[in-house]
Amino acid sequence: MNLLIMGPPGAGKGTQAVEVVKELKIPHISTGDMLREAVKQGTEMGKKAKEYMDKGQLVPDEVIIGVVKDRTKEPDCKTGFLLDGFPRTLPQAEALDVSLKEMGIKLDGVINIKVPREKIVARITGRRVCRSCGDTYHVENKPPKEAGKCDKCGGELYQRSDDTEETVNKRLDVYEAQTQPLLDYYGRQGLVLDINGDQAIDKVLQDILTALKK
Ligand code: AP5
Ligand code: MG
Ligand code: ZN
């Protein structure tokens, strides 16, 4: 299956994507994770991207489109993929269409996680991420067994540099202006699966898997 997972910052895209790909045995491709990895490695792309990310702005389309195109051509994508955080603009969606056409494949669905804006700030500011394995926690909603330490690998938990209240509001504005319109684009193609993301994490997953079976 070739899938997208969409929704505002903090909707739970990453949290759900990790479980969905286990179930479907396809790779999880998160452009946010790829960019953070480039920042960590100190690559040219990483240096450029960090300035945008810390301000809550999107990195330029020309930076990200080629990266995703190359990634979806890797052998592990032969059975499908779940794209998380891409596309985020109309030019990105159009570029993805061109690239899928070149590969002779189509999208099977767009998972759209819906969470009211007023719930999002608390989700984002309480998020903690493992520095070693990338596992995601929340100080209240999904606390690690031991504070500051990853359950899975014992790694140190940190707060993303774009997870401040100020930046979150900017990211939400950017989402509403630039990314939300893509739901019309995919809606016209009958691909959007609306999921209520304002429920327990397990329940959201169940709803996604049920929607995908239909
Ligand atoms: P990206 O990393 O994609 O960030 P985002 O879209 O802002 O989304 P988040 O990762 O913040 O949220 P999420 O939906 O994954 O939520 P999570 O599961 O972690 O992008 C970061 C930046 O990179 C962008 O701002 C941009 O600069 C750049 N970028 C990336 N892709 C780009 C592109 N294509 N083009 C241009 N620029 C790009 O959950 C959040 C928290 O809530 C966690 O703590 C979690 O434990 C908790 N939680 C999850 N589900 C629930 C639930 N059901 N109930 C209670 N708590 C929950
Ligand atoms: Mg994420
Ligand atoms: Zn870890």
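Reply: Let's start with a term: a donor here is an N, O or S atom within 2.8 Å of the metal, and water is not among the atoms, so a site may look incomplete. Keep in mind, too, that this is a predicted model.

The part I'd zoom in on is the site of the zinc ion (ligand 3). Its protein donors are the SG atoms of Cys130, Cys133, Cys150 and Cys153, which lie 2.2 to 2.4 Å from the ion. What geometry do the 4 donor atoms of the zinc ion (ligand 3) give? The angles among them run from 98 to 117 degrees, and the site is tetrahedral.

Helix 6 (residues 117-125) and helix 7 (residues 165-179) have axes that come within 10 Å and cross at roughly 135 degrees. Angles over 145 degrees would count as roughly antiparallel, and these two helices are therefore oblique to each other. Helix 6 passes helix 7 in a right-handed crossing. On the helix 6 side, Arg117, Ile120, Val121, Ile124 and Thr125 meet Glu165, Val168, Asn169, Arg171, Leu172, Asp173 and Glu176 of helix 7. By class, that contact splits into 5 nonpolar, 2 polar and 5 charged residues.

Next up is helix 1 (residues 13-24), which packs with helix 9 (residues 201-213) at about 45 degrees, the axes being 10 Å apart. That angle makes helix 1 oblique to helix 9, and the crossing is right-handed. Helix 1 brings Thr15, Gln16, Glu19, Val20, Glu23 and Leu24 to the contact, and helix 9 brings Ile201, Val204, Leu205, Ile208, Leu209 and Leu212. Sorted by class, the contact of helix 1 with helix 9 has 8 nonpolar, 2 polar and 2 charged residues.

One more pair: the axes of helix 4 (residues 61-72) and helix 5 (residues 90-103) come within 10 Å and cross at roughly 25 degrees. Helix 4 is therefore roughly parallel to helix 5, and it passes helix 5 in a right-handed crossing. Asp61, Ile64, Ile65, Lys69 and Thr72 of helix 4 meet Pro91, Gln92, Ala95, Ser99, Glu102 and Met103 of helix 5. The residues of this contact divide into 5 nonpolar, 3 polar and 3 charged. Have a look at the loop between strand 3 (81-84) and helix 5 as well, which is where Pro87 lies.

Definitions and conventions: Residues numbered from 1 in each chain as written. Chains lettered and ligands numbered in written order. Predicted model: local features only at pLDDT ≥ 70, side-chain atom pairs only at ≥ 80, totals over all residues. Heavy atoms only, no water. Axes fitted to C-alpha atoms, helices over the stretch in contact; angles between N-to-C directions. Helix = DSSP H or I, 4+ residues; strand = E, 2+ residues; numbered from the N terminus. Parallel < 35°, antiparallel > 145°, perpendicular 65-115°, else oblique. Left-handed = near helix turned anticlockwise from the far one by under 90°. Contact = heavy atoms within 4.5 Å. Nonpolar A, V, L, I, M, F, W, Y, C, P; charged D, E, K, R; others polar. Donors = N, O, S within 2.8 Å, 3.2 Å for Na, K, Ca; no water. Tetrahedral: all angles 85-135°; square planar, octahedral: opposite > 155°, others 65-115°.
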